[in-house]
Amino acid sequence: MIRNVVGSVLALAGATAAVWSPFRAWYDGRHGSDYAIGDLFTGITGDEPGVIGSILLPFAFAALVTLLGVVLRSRLLVAVAGVVVLGFTVLWMVRVGQAEGGLVVSGDGRGLGDGVANAFGGGVLILLGALVMSGRARSHRLAPAAPPPTHPTLDGPPPAEPGYGAGAPYDAETRSLPYAAPGRFDVPVDPPRRQPPDRDGRPPD
């Protein structure tokens with residue numbers, strides 16, 4: 001839980017820095033919103049596009065993906081957003097370096113500005129947030145128990161139910177007594193045999 005909170009704060013802070021970066025100076029005082037998205041693939045020009053068609057668009061998309069990943073606690077979505085921010089920042093640096101013949105860092109407002117630093121740092125913070133987040137808690141489901149065997153196995157016969165079979169108390173007590181107590185068990189008794197009459201025909205006593 002704590003990891004998700006810390007990772008979410010880092011990711012949201014990085015997304016905020018990335019969205020704010022196009023409104024800062026990127027190179028020679030030129031803001032990032034003055035660079036068209038198409039210039040990143042064809043080459044840097046002096047044309048100034050609208051805000052929607054500028055480099056702000058991929059950063060805004062990355063911020064939306066970051067927010068969605070934080071809500072869903074998805075480390076993958078947050079990591080994808082960080083890769084998008086860093087990817088477009090590095091691509092811009094490559095194109096500007098080709099157009100200017102190299103990148104310059106100067107303290108008089110020329111060269112790379114703080115907008116690039118905000119974009120690069122925002123992408124790093126988003127990736128760091130994805131690494132810190134623990135993601136969703138996975139529930140481990142136990143496999144259903146197998147039914148008891150109905151036939152003898154190598155481990156012996158299955159245990160008998162209480163009151164029946166070899167494990168019943170009645171059976172144990174019966175086996176422990178060599179003779180049944182009088183009146184406790186019904187013992188079959190043979191009927192008396194009839195004796196034949198004597199020689200005079202009188203019935204026996």
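Predicted model: local features only at pLDDT ≥ 70, side-chain atom pairs only at ≥ 80, totals over all residues.
The chain contains 6 helices and 2 strands. Read from the N terminus, these elements follow the order α-β-β-α-α-α-α-α. Of the 205 residues in the chain, 25% are buried. The accessible surface amounts to about 14,400 Å², and carbon and sulfur atoms account for 63% of that area. When contacts between residues at least 6 apart in sequence are considered, 66% of them link residues at least 24 apart.

One pairing of helices can be followed in detail. Two packed helices are described by the angle between their axes and the distance between the axes. For helix α1 (residues 2-20) and α3, the axes come within 9 Å and cross at roughly 165°. Because angles over 145 degrees count as roughly antiparallel, α1 is roughly antiparallel to α3. The crossing of α1 past α3 is left-handed. On the α1 side, the residues that meet α3 are S8, A11, L12, A15, A18 and V19; on the α3 side, L56, F59, A60, A63, T66, L67 and V70 meet α1. By class, this contact comprises 11 nonpolar and 2 polar residues, with no charged ones.

Helix α3 spans residues 56-72 and also holds G69. With a relative accessible area of 0%, G69 is buried, since buried means under 20%. Beyond its neighbours within four places in sequence, G69 is in contact with S74, L77, V78 and M133. The C-alpha atoms of G69 and A79 lie 8.8 Å apart in space, with the two residues 10 apart in sequence.

Conventions
Residues numbered from 1 in each chain as written. Heavy atoms only, no water. Helix = DSSP H or I, 4+ residues; strand = E, 2+ residues; numbered from the N terminus. Buried < 20%, exposed > 50% of the residue type's maximum accessible area, 1.4 Å probe, protein only. Contact = heavy atoms within 4.5 Å. Areas by Shrake-Rupley, 256 points an atom, 1.4 Å probe, with all protein chains shown as cover. Axes fitted to C-alpha atoms, helices over the stretch in contact; angles between N-to-C directions. Parallel < 35°, antiparallel > 145°, perpendicular 65-115°, else oblique. Left-handed = near helix turned anticlockwise from the far one by under 90°. Nonpolar A, V, L, I, M, F, W, Y, C, P; charged D, E, K, R; others polar.
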